Amino acid sequence: MTGFVFSEKPIQIEEGDGVFLYDDSGTEYLDMGASYACVPLGHGHPAVHEAVTEQFEKLTYVQASYPNAARTALYEQLAETAPGDIDYTWLCNSGTEANEAALKFARSATGNSKIVATMQGFHGRTMGALATTWKSKYKKPYEPLIDGVEFVPYDDGDALAEAVDDETAAVIVEPVQGEGGINPASQDYLQRAREVTDEAGAALIFDEVQTGMGRTGTLWAAEQSGIVPDILTAAKGLGNGFPVGATLCREWVAENYGSHASTFSGGPVISAAAGATLSAVVSEGLPSHAGDVGAYFRERLDEELAEDVRDVRGEGLLVGVEVGRGANRALKELALNHGILALPAGRTVVRFLPPLTVEEEHVDRVVDAMVEVVGDE
């Protein structure tokens, strides 16, 4: 066998349709992980298929230094839908690249180098983004990373205010921590982050790689707090399975971003996929649907599992069930005994982030399975 084997999975997935996946034997699975939120429209959405096919037949790729209609249209869509006055976009291939660019842009625009990040945060695996990621298991094999990063407790406004000073280039924070255990930030904390970065002249970066594209009940999680960051990063669900990331900036950052580029920045086919995905998420009302179904999901989990799990938390269709150190066992049982694919968030939390097209009948099935899996622990 060639290539790296990153993990051993007992299921070989071959097909997908809507909220379902099928293995090589034809067994059906309810997809409650969406491959880490990468397919908000579900598998095989016709709008994305049509947009990609049409663009592929016209032009597969041209570098970003040449204008292209699909890329230009995506720039305009992102500017129209981004919070507040975030009007500038740099496109790339992944969430970690989007965060890497965000950190570089913040340093260039402010002239400072210090980055303040949060404990339990996760921002990617490239050298800069990895330096702002909390867990040592991701970092230790590759150290030394970039320096100048200070970590503070998540959702602690006082600690954040103490860390941010006149040497700070940026504060990077997830509105809801994903890999860190599905931890939503309070509105007061995000407001404090906006205030202290304004006072210091630092950039406030919202990492919405996982929370964006309607996942938490609004198109961007930032909308729920009413706070406009200086930089917002997106990826995962932006292309409904196609590899794309975006670093969205306010003007003061964009006009001083330095020199940064990527060969595959916003290729026509990828831009067509992202544009179709964004249009469908908005036109089909999926953010509000995610908010409604997610609230129903958490309510049912609370009702049925209150005595059997440590906590149920999240926003919209980003839901975590803290089961203790048995998360991996629970995930295996869900997959093999109940035909449900979910994800871990650390060793203690079962993470659900399905396609935003999931319905109440689907989450009812998940709740019933969770009762069987963790109810007797």
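Which strand gives the largest share of the negative patch? Strand 1, residues 13-17, does, with three residues. The model is predicted.

## Negative surface patch

Strand 1 (residues 13-17) supplies three residues, the largest share.

D24 sits in a loop. That loop runs between strand 2 (20-23) and strand 3 (28-31).

## Second largest pocket

The second largest pocket holds about 240 Å³ of space. Its lining counts 14 residues. Closest to the pocket centre are Y88, T89, W90, F105 and Y257.

Two elements give two or more residues each to this lining: strand 4 (88-92) and strand 12 (245-249). Strand 4 gives the most, with three residues. Rolling a probe the size of a water molecule over the atoms is what shows where empty space is left.

## Salt bridges

There are 14 salt bridges in the structure. One of them joins the side chains of K114 and D165. The N to O distance is 3.1 Å.

What does the K114 and D165 pair tie together? K114 lies in strand 5 (residues 114-118). D165 lies in the loop between helix 7 (157-163) and strand 7 (168-173). The pair therefore ties together parts that are 51 residues apart in sequence.

Key:
Residues numbered from 1 in each chain as written. Predicted model: local features only at pLDDT ≥ 70, side-chain atom pairs only at ≥ 80, totals over all residues. Heavy atoms only, no water. Helix = DSSP H or I, 4+ residues; strand = E, 2+ residues; numbered from the N terminus. 1 Å grid on protein atoms, 1.4 Å probe; cavity = no way out; pocket = protein on both sides within 12 Å on 5 of 7 lines; lining within 4 Å. Points joined across faces, edges and corners; volume = space filled by probe spheres on them. Salt bridge = Lys/Arg side-chain N within 4 Å of Asp/Glu carboxyl O.
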